[in-house]
Amino acid sequence: MAQVMMKELNKKYDEVHAVKDVNLHVRDKEFVVLVGPSGCGKSTTLRMVAGLEEITSGEISIGERVVNDLPPKDRDIAMVFQNYALYPHMTVYDNMAFGLKMRKFPKPEIQKRVQDAAVLLGIQELLKRKPRQLSGGQRQRVAVGRAIVRHPQVFLFDEPLSNLDAKLRVQMRVELKRLHDRLETTVIYVTHDQVEAMTLGDRVVVMKDGWIQQVGEPLELYGKPANKFVAGFIGSPAMNFVDVALVDAGGALWAETEGLRVKVPPAHTSRLGAYKGQKVTLGVRPEDLHVASGNDPNEYTFPAVVDVVEPLGSEILLDLRAGAHTIVARVEPAVRAKVHETLKLALTPDRARFFDLKTELAI
Amino acid sequence: MAPRRARRSRRTAALLLCYAIIGLFVVFFLFPPYWMALTSFKTNQEIESLEGIPFVIQKGATLKHYQDLFTKTDFLIYFKNSVLVTVPVVLISMVISVLAAYALSRLGFAGAGVIGTAVFLVYLVPDSLLFIPLFKIIGALGLLNSKWSLVLVYPSLIVPFATWLLIGYFASIPKELDEAALVDGANHLQMLVQIFLPVAVPGLIAATIFAFTVSWSGFLYPLAFTFSSDQQVLTTGTVTSLIKGDVYHWGGLMAGAILACLPPVLLYVFLMDYYISGLTAGSTKA
């Protein structure tokens with residue numbers, strides 16, 4: 001059990017600056033997820049913590065120890081790889097026991113730990129099999145088992161669910177979460193899947209181009225994204241972005257663009273005052289749009305033409321056009337919308353977000 | 001139905017062509033050993049006779065050539081020498097090649113790629129170019145006319161190619177496998193011996209077969225470095241003892257060749273299964 005500190009962490013390959021000034025404090029027993037598109041530096045960061053990648057500059061400490069120059073075996077970590085990396089010539093038992101044998105644990109202790117882990121993961125029946133005789137989900141369990149028998153200070157997961165089919169992924173996601181609750185160990189988990197990140201992480205670290213974009217609890221990232229990238233990356237379908245001009249009309253601030261004109265919600269007016277006469281990006285999540293009823297104030301509604309209707313059962317996704325802009329709205333399953341029909345859409349005023357056009361930072 | 005039938009007949013035609021080509025190959029490659037075996041069982045009279053069909057034994061088979069080989073020549077000494085040379089050559093070459101290939105393919109130090117290519121280029125230097133300088137070196141070491149000179153010389157031929165071959169195979173083993181072992185607490189040597197090499201067995205076998213073949217069938221170096229009967233290996237020994245001036249003892253030569261072929265053939269047959277069953281299956285999803 002230990003915290004992990006990363007200070008001014010950098011990784012440069014010959015040409016590429018893969019990780020840039022990463023500062024991150026993973027607390028003891030915390031489940032932290034690094035998420036971002038491929039090439040964002042999340043895996044490199046994890047591999048530096050594991051000791052599989054040299055650190056160009058900066059410092060990593062696990063517990064109280066600076067581990068920069070320690071080989072992986074001396075860092076007291078365990079890692080689960082995307083492709084499982086099971087030892088193909090060993091049985092499941094030997095795969096799980098290998099790390100303990102390397103650390104010269106007495107045989108009875110090894111047996112007990114492997115048994116316990118096998119029971120925990122439901123793979124007692126598989127201990128005598130070879131990896132090639134296992135299904136993808138079973139291999140994944142063995143890989144996790146190999147990590148937990150060691151009782152390491154920190155678990156590192158590198159996209160462990162990416163190779164599983166959708167149904168199994170959801171199931172394993174739940175199991176990993178349950179496992180973390182039981183083992184109470186620090187976890188650093190890398191994924192490109194924002195749903196995985198949101199569901200698993202105590203805190204989520206969004207990365208892009210080697211920079212940390214935002215660190216926060218899942219709902220914090222969802223509700224208060226620090227910039228346009230985080231806003232677009234977290235949430236599915238993604239947030240709608242429309243570039244609008246801020247104009248003063250009748251003493252109030254309005255956001256205007258071709259085919260769309262809404263009042264700036266009162267919560268934002270003071271911060272947006274400085275942008276009067278300039279363009280900003282308006283961000284609205286699909287779930288913050290609905291078909292307008294009589295109760296909706298007119299200044300937060302706009303007309304839109306239905307392009308595509310995607311009925312998902314629990315909800316309906318509408319692809320609409322408002323002027324030149326394409327917008328996705330997530331509406332009640334009871335809504336009966338036809339293609340080419342013009343609807344009056346309303347947005348939930350206090351949920352709208354504004355971003356600086358140049359810096360893309362939240363305003 | 002018509003297009004399907006057309007497709008099927010096209011498939012049949014393609015198959016027939018394939019079998020025809022394979023058939024040609026089989027004849028082409030099996031004829032020399034057939035001829036060797038045939039000649040080794042013929043009597044001298046029949047070998048020298050210009051009458052009749054030469055492709056079958058017509059006047060009765062004989063084991064005389066084999067008998068003579070064991071009783072009238074030093075064939076057993078040559079055979080023993082070949083074994084005594086080849087076993088250490090294979091061991092030494094494999095140890096060097098495995099360590100070199102592992103370092104070049106996995107440790108990722110600066111210049112690894114260039115060195116890897118350089119190693120391969122060394123292999124392209126023909127051995128007929130090297131035996132004169134090597135002769136001087138062997139002489140300086142006082143190993144002329146000793147079979148042990150071959151143990152020293154053959155690895156220089158084998159290691160470059162075997163290393164290059166292993167680099168290629170090692171590259172096909174997922175890197176996560178060694179990384180998992182390193183995280184699990186193994187050092188590089190433990191990881192190499194307990195995880196990496198067992199997975200690399202098919203590649204190791206390919207390299208071993210290559211090393212064995214080079215050492216077992218080498219002719220030029222033993223011819224240049226060993227002279228006396230007690231130091232000669234199979235390739236040179238049978239030839240020097242069965243070609244007397246311009247008299248070729250074809251029956252004996254072919255009997256010797258057949259017996260000399262047996263170990264490599266057995267090795268191939270025995271190892272082919274291991275070679276084909278790729279052990280990496282199941283270690284990773286891909």
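Predicted model: local features only at pLDDT ≥ 70, side-chain atom pairs only at ≥ 80, totals over all residues.
The size of an interface is often given as the accessible area lost when the parts come together. Here, about 2,300 Å² is buried between chain B and chain A. Carbon and sulfur atoms give 63% of that area.

Three salt bridges are counted between chain B and chain A. Arg150(A) forms a salt bridge with Asp184(B). The closest N and O atoms of Arg150(A) and Asp184(B) are 3.1 Å apart. Ten residue pairs are in polar contact across the interface of chain B and chain A, with both residues at pLDDT 80 or more.

The largest nonpolar core has 94 residues. Val4(A), Met6(A), Ile60(A), Leu156(A), Ile188(A) and Tyr154(B) touch the most other members of this core. Helix 7 of chain B (residues 148-171) gives the most to the core, with eleven residues. The surroundings of Leu156(A) can be listed. Residues up to four places away in sequence are not counted. Leu156(A) then touches Leu46(A), Val49(A), Ala50(A), Ile77(A), Ala78(A), Met79(A), Val80(A) and Ile188(A). Another core, of 46 residues, lies apart from the largest one. Its members include Ile110(A), Val114(A), Leu176(A) and Leu179(A).

Gln194(A) lies in helix 6 of chain A (residues 194-200). Its relative accessible area is 12%, so Gln194(A) is buried, the cut-off being under 20%. A polar atom of the Gln194(A) side chain lies 2.9 Å from the backbone nitrogen of Gly235(A). Leaving aside neighbours within four places in sequence, Gln194(A) is in contact with Val35(A), Phe233(A), Ile234(A), Gly235(A) and Ser236(A).

In chain B, helix 12 (residues 234-242) is largely enclosed by the rest of the structure, because seven of its nine residues are buried. The buried residues of helix 12 of chain B are Leu234(B), Thr235(B), Thr236(B), Gly237(B), Thr238(B), Ser241(B) and Leu242(B).

How values were computed: Residues numbered from 1 in each chain as written. Chains lettered and ligands numbered in written order. Heavy atoms only, no water. Buried < 20%, exposed > 50% of the residue type's maximum accessible area, 1.4 Å probe, protein only. Helix = DSSP H or I, 4+ residues; strand = E, 2+ residues; numbered from the N terminus. Polar contact = N/O pair within 3.5 Å; in protein donor to acceptor, adjacent residues only side chain to side chain. Contact = heavy atoms within 4.5 Å. Buried area = accessible area lost by both parts, 1.4 Å probe. Salt bridge = Lys/Arg side-chain N within 4 Å of Asp/Glu carboxyl O. Core = buried A, V, L, I, M, F, W, Y, C linked by side-chain atoms within 4.5 Å.
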